[in-house]
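Please examine the sequence and the structure shown below.

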Amino acid sequence: MSVFSEKLQECITKSNMKIASLSKISGVERSFIQKMLTGERIPSDPAVLQQLADALMLSPSQRRMLLDSYSISKMGEATYYRRLLVKRLIEETNSFLQPAPVLRSTYPNPGFQRPSVLSLHGKGAIADTVRLLVEEELSGASPRLRLVLQPESLLMPVLLAYGRTCPALQIEHILCFDSELQYQKENKYNLGCLRGALSFLLAACRYVPYFYYEVISPKTGKTALFPWMILGTDWAVSLSQDEEAAVVLSDREAVSLYEGLFEEVREECHPVLEHSGQEQFFDAQNWSPLKQEMTYSLQFEPCFGFFFTMNMAQQQICRDLPNREELLSFFDERRKQISLLDGARKNTSFFTLEGLDRFLESGRIGELPEDCYLPFPKPFRVELLRRMLACTQNQSYSPYLIKPAKFRIPQALYFLVTGPQQVTCSCTHPIHGRIHLNIQENSVAYSFCDFFEYLKETGLVYSKEETQAVLRQRLEALAHS
């Protein structure tokens, strides 16, 4: 039996309904229901579940349980939960992008007097001591922390609180990713590592994460090459794996030893995310080239970069910009990389109706800084919509509107999948402005690519036909307004 057959049997038993009655009321053949109950068959069409749920008069929670069990049985438990983790990670990124209510540029030195070696016992004492040490570091001119900690460390929230409020703080972080996994199945741990890295990367501090591979053992908790540690300018904290014991070292020679260990390991690591700031954002070389015919995009508004032409860029880029020619060169190179107008490439795009309407009303594109271009006039907006619909007709463009009640995507985050393990992401950082990221760790990149390929088959989006109907309606309304 499957998870789905067990849950369906549970629902039928609670309803006290006979199989023959359920078949008659739902319109689903009796033999098909019996095969579902034995695990021989799983419906190919989720509409069958709605028929059964209506006939059984299931509550909303029971419906969700039945639908979840159906998805688990159809795609496998590990794949189902991996895709669910990617969805949740995208949704919660919106909270990472919210700026802290207060940003601090200065910290008073707490005057922490400590011996050259200080032993600590207990999580509470360790956390309190780390706070004092970090505030001492922040009182200096160039605060810098170097970490060898896993996302599950109890000290990560403590450090994140400073990372969110201190723009001057620089953090270098070494993480251990799990090497004992199958990309197509379980990847919960590595996605958790990415979640931890993003929470710092989108905070106020300057953050650079690195990773190496090791087998993550749930029994021993071994997730590092040596005990976890935190390094400041004049101190080092070495922690036991269970974080129940620690030693604070203030002797210059001992601190130098730990600095050497950190640098040695970092040389063996790879960056989790390749990062470029706003100054490199408008550089086509920073964007990954397309490695496959089909690409996927996910963002709040449609990606109009697939449909623009250089005459639009020439007219809309502000003429008084000092770097205008460089921007035009970027748009020309990017157009050559991703344009769908020549029919040589294909794209599946996910976006929201709110984002589409916002562009049609304002002529503004969230991906571009507002101070570098003029709002798109109505004729250009009409033309872009026409091109979108023309590309749907020649099968080079497949648009899907997101159902906002089921999938909440951040307004300031833009994903583009250009290869089987190639994911780029750009966003508007609340402190550092426009940034561009390439996911460098293969198992995490695979998980995102798989999620985008799977998304069109879910109830999280409207069908391609429904989306096209909305685009046609919006085009007609805009053209006659």
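In the second largest pocket, helix α9 makes the greatest contribution to the lining, with seven residues; helices (H or I, at least four residues) and strands (E, at least two) are DSSP runs, numbered from the N terminus. The model is predicted, so that local features need pLDDT of at least 70 and side-chain atom pairs count only at pLDDT 80 or more, while totals for chains, interfaces and linings use all residues. Residues are numbered from 1 along each chain as its sequence is written, and side-chain values use heavy atoms, with hydrogens and water left out.

The volume of the second largest pocket is about 260 Å³. The pocket is lined by 16 residues, and Pro151, Gly192, Arg195, Gly196 and Ser199 are the closest to its centre. Two or more lining residues come from each of α6, α8 (156-165) and α9.

Some terms need their rules here. On a 1 Å grid over the protein atoms alone, a pocket is an open set of points with protein on both sides within 12 Å along at least five of seven lines, whereas a cavity is a set of points where a 1.4 Å probe fits but cannot get out; lining residues have an atom within 4 Å of a point. Grid points are joined across faces, edges and corners, and a volume is the space filled by probe spheres set on the points.

The largest pocket holds about 1000 Å³ of space. Its lining has 32 residues, and Leu67, Ser71, Tyr454, Thr458 and Gly459 lie nearest the centre. The elements α4 (47-56), α5 (60-75), α6 and α16 each give two or more residues to this lining. Helix α5 provides the largest share, ten residues.

The chain also has three cavities of 30 Å³ or more. In the second largest cavity there is about 100 Å³ of space. Of the 13 residues that line this cavity, Leu198, Leu413, Phe415, Cys425 and Leu437 lie nearest its centre. At least two lining residues are supplied by each of α6 (77-96), α9 (188-201), β13 (413-419), β14 (422-429) and β15 (433-439).

The table gives the classes of lining residues. Ala, Val, Leu, Ile, Met, Phe, Trp, Tyr, Cys and Pro count as nonpolar, Asp, Glu, Lys and Arg as charged, and the others, Gly among them, as polar.

| Space | Nonpolar | Polar | Charged |
|---|---|---|---|
| Second largest cavity | twelve residues | one residue | no residues |

Which residues have the most contacts inside the largest nonpolar core? They are Ile90, Ile230, Leu298 and Phe448, in a core of 76 residues. Helix α16 (residues 442-455) gives the most to this core, namely eight residues. Apart from this core lies another, of 39 residues, which includes Phe306, Phe307, Phe351 and Leu471. A nonpolar core is a set of buried Ala, Val, Leu, Ile, Met, Phe, Trp, Tyr and Cys residues joined through side-chain atoms within 4.5 Å. Buried means under 20% relative accessible area, exposed over 50%, and partly exposed in between (1.4 Å probe, protein chains only).

Beyond its neighbours within four places in sequence, isoleucine 90 is in contact (heavy atoms within 4.5 Å) with Leu298, Phe407, Ile409, Pro410, Phe415, Phe448, Phe451 and Phe452. For the chain as a whole, 53% of the 481 residues count as buried.

The chain contains 17 helices and 15 strands. Eight strands form an open sheet with mixed pairing, in the order β1-β7-β6-β5-β2-β3-β4-β8. Because β1 (117-121) and β8 (270-271) stand at the edges, each with a single partner strand, one side of each is left without a neighbour in the sheet. Two strands pair if DSSP finds at least two bridges between them. Strands β2 (residues 144-148) and β5 (residues 228-231) are antiparallel partners over three bridges, and valine 148 has methionine 229 in β5 as its bridge partner.

Two loop residues complete the report. Most residues other than glycine have a negative phi. Asparagine 16, although not a glycine, has a positive phi of about 60°. Asparagine 16 is located in the loop between α1 (3-15) and α2 (19-26) and is exposed, with a relative accessible area of 70%. Glutamine 395, also not a glycine, has a positive phi of about 70°. The loop between α15 (378-393) and β12 (397-401) holds glutamine 395, which counts as partly exposed at 47% relative accessibility.
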